[in-house]
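This report walks through a structure one region at a time. The sequence and the coordinates come first, and the description follows.

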Amino acid sequence: MGGRMVSEQNLILRVEGVSKAFPGVQALSDVDLELAAGEVLALVGENGAGKSTLMKILSGAYRKDAGRIFINGQEVEITGPRHAQQLGIAIIYQEFNLAPNLSAAANIFLGREPRRPGPGRLFVDRRRMEQEAQKLLDRIGARISASTLVHDLSVAERQMVEIAKALAVNARIIIMDEPTSALGEEEVEKLFEVIRTLKQQGIGIIFITHRLEEVFRIADRIVVLRDGKRVGSMLIHEATPEKVIQLMVGREVGDLFQKQKAEIGPPLLEVRGLTRRGVVENVSFTLRRGEILGFAGLVGAGRTETVRMIFGADPKDAGEILIEGKPVTIESPKDALAAGIGFVPEDRGNHGLILSLSVLENIVLPSLHQHTRLGIWLNRLGLYQTAQEFVNKLNIRVTQLQQKAMFLSGGNQQKVVVAKWLALRPRILIMDEPTRGIDVGAKAEIHALMSRLAQEGVGIIMVSSELPEVLGMSDRILVMSEGRVAAILNREEATQELIMAYASGEKIAESLEKPAGTGSATPANG
Amino acid sequence: MTKTDTRTKRLSFLGRIGRVREINVLVALVLLGLYFYWRRPDIFLEPANLAVIMRFIATFGMLAIGEVLVIITGGIDLSVGSMLAFTGVITAWMMLKGIGSIPPIGVVPAILITLVLGTLIGIWHGTFVTKLKIPPFIITLGTYLMARGFAANLTRGYPQVFDSGHPFLVLGQGDLARLMGWEGGGIIGAIPISFLILLVIATIVHFILNHTPLGYRIYAVGGNIEAARLSGVNVDRVRIFCYATSGFLAALTGVILASRLGQGTPVVGSAYELWAIAAAVIGGTSLRGGEGTVLGAILGAAIMGVMQNGMVVLNLSSYIQDIILGMVLVIAVVYDTLRRGGGFDFLKKWLSRPS
């Protein structure tokens with residue numbers, strides 16, 4: 001708490017003591033929030049702090065477990081997205097809900113198309129629809145013709161259409177979830193102009209962002225969430241970036257994540273100038289034997305994109321990959337496999353596992369070729385033994401190896417994904433958010449496993465949005481910001497505050513790649 | 001948590017039925033057979049009638065196996081009916097007239113060339129689907145039109161008729177007794193050569209699906225193509241293999257059918273692709289991909305063969321036959337959907353909707 005109250009009469013939204021739990025995690029506990037007419041409120045916090053959950057409760061996507069919500073002083077119980085809309089709450093998600101094959105006007109009035117008068121009621125009054133839509137677009141100063149197909153609009157213009165759509169239902173409260181993450185600098189400025197226009201019209205805006213710099217440009221007030229709790233609220237002129245970061249991070253690194261010492265060997269993987277235009281720019285780094293290299297950064301900083309390119313899952317525009325000093329060509333995951341790289345993807349349900357197949361089949365899928373007789377038929381006993389070996393080794397709890405992967409818990413599913421790579425004995429293991437959404441026990445087991453692998457000489461890249469995990473598990477930490485390497489920090493010098501400062505673009509590294517140990521590897525094109 | 005729990009419970013209950021799905025189809029098949037035998041004991045189990053059923057199963061079983069492979073990977077092959085006409089005409093043309101200035105060739109080379117041609121057309125489909133991202137429905141629909149068109153254009157619409165003693169005709173008209181030189185031979189001797197070929201093909205494809213890396217990968221691609229790709233599976237090659245096999249089997253069936261009819265004709269095989277898909281679906285193949293078996297395909301074809309033959313034996317009008325076969329297909333698919341829980345989800349949503 002400790003928040004400064006905005007003048008009581010102007011409040012269009014007041015949230016009191018809202019809580020929400022999901023299996024295994026308390027997403028929100030006892031959170032307050034207030035929003036005045038014409039106010040821009042920035043809601044900030046680390047990944048998983050509860051911002052999205054809170055906004056989903058307001059927009060009717062989730063139901064709260066406890067707490068009260070007042071709109072214009074009236075207590076309301078938001079029952080669903082439609083109800084939220086009727087109450088004047090609109091949310092604009094990072095991914096837009098627009099039909100690209102329809103015009104801007106048709107999207108703005110989707111489901112509420114104006115009809116022709118009289119007996120023509122069955123038909124849409126196209127002209128009136130376009131006129132009304134144009135009025136709304138003009139009102140926010142968007143220079144878009146209402147008859148343009150959404151397909152032909154830029155990302156920024158689509159956002160304008162979303163905002164106009166919100167206004168079309170008389171929204172008084174507009175929530176914007178990471179609205180700038182896909183925008184260029186000029187477009188951001190345009191969006192801010194629109195936000196200022198909306199402000200003048202008395203609309204309250206909740207602005208969720210990771211970019212602190214933007215918060216200070218547009219917000220009137222900041223509310224900080226951390227671990228599902230509100231930890232601070234301040235008017236913009238009282239706030240400083242340091243203070244906000246402090247509040248966002250504000251916890252000690254627990255000893256849950258403790259990497260065992262492993263001997264760091266010679267360079268294993270060198271990445272030079274990895275680029276995909278508009279997504280990842282000139283990323284260079286070195287991974288050594290037995291090292292865990294943490295990838296930190298905000299959502300959308302290009303970490304997942306970078307590791308997917310290294311694994312050959314996505315194409316790259318430029319960049320060189322060397323393994324043990326030799327250049328390798330990786331154009332598909334198959335090439336990566338052959339080069340000894342394993343990849344545990346971020347989205348284990350959709351990318352890591354084939355849920356309709358059994359645990360056995362999932363584990364042996366990448367290593368099938370090692371279990372054939374004469375290269376033709378499968379040695380089923382060998383497959384069974386391999387799967388059983390890793391089920392035992394990783395302590396995967398299954399009733400039988402034929403159990404379908406979809407019936408396992410998140411932690412056990414993740415262990416299956418790891419197991420399928422270990423069966424190939426990889427030299428390099430890339431793990432994207434290896435412990436997201438799994439319970440504490442399984443988390444600790446995965447961490448112990450990573451430590452063990454590092455001791456066996458495997459080089460591990462770990463992408464993680466949990467700073468304590470990054471700090472606890474990594475030998476070095478590569479911080480990405482806006483598609484670039486912002487800094488590479490040694491374990492000793494890294495702190496949550498320093499990482500956040502680099503990640504949010506507050507601080508820019510003077511030098512890239514810091515050699516940690518023998519054989520310095522300065523990027524070829526620094 | 002509770003949500004996943006109930007889902008697990010429900011699926012495990014329905015999954016138990018699902019695991020014996022093929023037994024269900026087999027039971028249905030036996031019951032159907034008993035019913036028709038009860039109605040017409042004088043005809044139904046006679047060797048000559050069984051041979052008719054087995055020929056039907058051979059034709060649609062072979063096509064259904066091809067469809068199963070393609071459908072497991074999430075695709076569809078609409079070309080096979082027209083491919084029958086095309087390959088039948090081509091093979092007859094090569095044996096009887098020769099192509100261009102090349103004189104007529106022997107039975108074996110003509111068949112081999114036709115099989116290669118069918119396989120190449122399958123590879124063509126697979127390449128368009130994987131490399132150019134053309135929907136399988138569209139690219140095989142193109143062949144559906146083109147293949148029959150080529151066949152009709154080549155022959156100007158006339159069938160290419162073989163003399164009655166032509167050695168090629170043994171393939172489609174012969175049976176085990178003729179093959180072994182038996183006199184009579186009863187039911188065993190009446191087994192058509194085409195049915196024996198089906199058994200060989202089915203064994204090979206079953207083996208591929210269940211005992212080779214390729215088979216595992218086919219199911220993996222159908223279950224989740226992105227996860228399969230990220231597991232190092234060459235997903236394009238796997239899918240092309242399935243289309244190629246479907247093309248090969250369509251060509252093989254086309255050759256057998258031409259031999260059976262004693263002619264290569266551009267009008268043969270109309271709508272057979274739909275029958276083959278129906279057989280695959282009745283046998284438990286999911287059009288959503290990821291599921292399907294060779295045994296299921298053959299049992300599906302057998303159900304349709306027995307139904308169709310039984311209705312002929314009972315003298316039902318062909319209009320009624322179509323209605324009944326259509327109903328069987330719908331019932332099988334509804335059953336399949338309910339088994340997967342989709343139907344229950346829909347019912348649950350409908351029941352719990354806010355009033």
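Two residues are in contact if their C-beta atoms, placed from the backbone, lie within 7 Å. The model described here is predicted.

**A loop residue of chain A**

By that criterion, L153(A) touches A104(A), I144(A), T148(A), R158(A) and V161(A), leaving aside residues up to four places away in sequence. L153(A) lies in the loop between α4 (126-139) and α5 (155-168) of chain A. A residue is buried if 20 or more other C-beta atoms lie within 10 Å of its own. L153(A) has 21 other C-beta atoms within 10 Å, so it counts as buried. R397(A) is 244 residues away from L153(A) along the chain, and the C-alpha atoms of the two are separated by 49 Å.

**A parallel strand pair in chain A**

Strand β6 (residues 89-92) of chain A runs parallel to strand β7 (residues 173-177) of chain A, and four bridges join the two. In this pairing I89(A) has I173(A) of β7(A) as its bridge partner. In a regular strand the side chains alternate between the two faces of the sheet. In β6(A), I89(A) and I91(A) point one way, while A90(A) and I92(A) point the other way; all are buried.

An open sheet in chain A has four strands in the order β12-β11-β14-β15, with antiparallel pairing. β12 (280-288) and β15 (326-328) of chain A are at the edges with a single partner strand each, so one side of each has no neighbour in the sheet. On average, neighbouring strands of this sheet are turned by 20° against each other, direction ignored.

Within the sheet, strand β11 (residues 267-276) of chain A pairs with β12(A) in the antiparallel sense over six bridges. Here L274(A) stands opposite V283(A) in β12(A). Helix α9 (residues 303-310) of chain A packs on the sheet and touches β11, β12 and β14 (318-323) of chain A, and its direction makes about 115° with that of β11(A).

Helix α17 (residues 496-503) of chain A has six of its eight residues buried, so the rest of the structure largely encloses it. The buried residues are Q496(A), I499(A), M500(A), A501(A), Y502(A) and A503(A). They pack against α8 (241-249), β13 (292-297), α16 (467-473), β21 (476-481) and β22 (484-490) of chain A.

A glycine with a positive phi is found just after α9(A), and another just after α17(A). The table lists them.

| Helix | Residue just after | Phi |
|---|---|---|
| α9(A) | G312(A) | about 85° |
| α17(A) | G505(A) | about 80° |

Chain B contains 17 helices and two strands. It has 355 residues, of which 46% count as buried. Of the contacts in chain B with a separation of 6 or more, 75% join residues 24 or more positions apart.

Two packed helices are described by the angle between their axes and the distance between the axes. Helix α11 (residues 213-223) of chain B packs on helix α13 (residues 235-261) of chain B at an angle of about 100°, with the axes 10 Å apart. That angle makes α11(B) roughly perpendicular to α13(B). From α11(B), the contact involves L214(B), R217(B), I218(B) and V221(B); from α13(B), it involves V235(B), V238(B), R239(B), F241(B) and C242(B). By class, these residues are seven nonpolar, no polar and two charged.

**The nonpolar core**

The largest nonpolar core has 253 residues, and those with the most contacts inside it are I174(A), I430(A), V479(A), I57(B) and A279(B). α13(B) gives the most to this core, with 16 residues. Not counting residues up to four places away in sequence, A279(B) touches F60(B), A64(B), A297(B), G300(B), A301(B) and M304(B).

**Where the chains meet**

Which numbers of residues do chain B and chain A bring to the contact? Chain B brings 19 residues and chain A brings 26 residues. On the side of chain B that touches chain A, the elements giving two or more residues are α11 and α12 (225-230) of chain B. That side has eight nonpolar, nine polar and two charged residues.

Definitions and conventions:
Residues numbered from 1 in each chain as written. Chains lettered and ligands numbered in written order. Predicted model: local features only at pLDDT ≥ 70, side-chain atom pairs only at ≥ 80, totals over all residues. Pairing = 2+ DSSP bridges. Axes fitted to C-alpha atoms, helices over the stretch in contact; angles between N-to-C directions. Buried ≥ 20, exposed ≤ 12 C-beta atoms within 10 Å, placed from the backbone. Parallel < 35°, antiparallel > 145°, perpendicular 65-115°, else oblique. Nonpolar A, V, L, I, M, F, W, Y, C, P; charged D, E, K, R; others polar. Core = buried A, V, L, I, M, F, W, Y, C linked by C-beta atoms within 7 Å.
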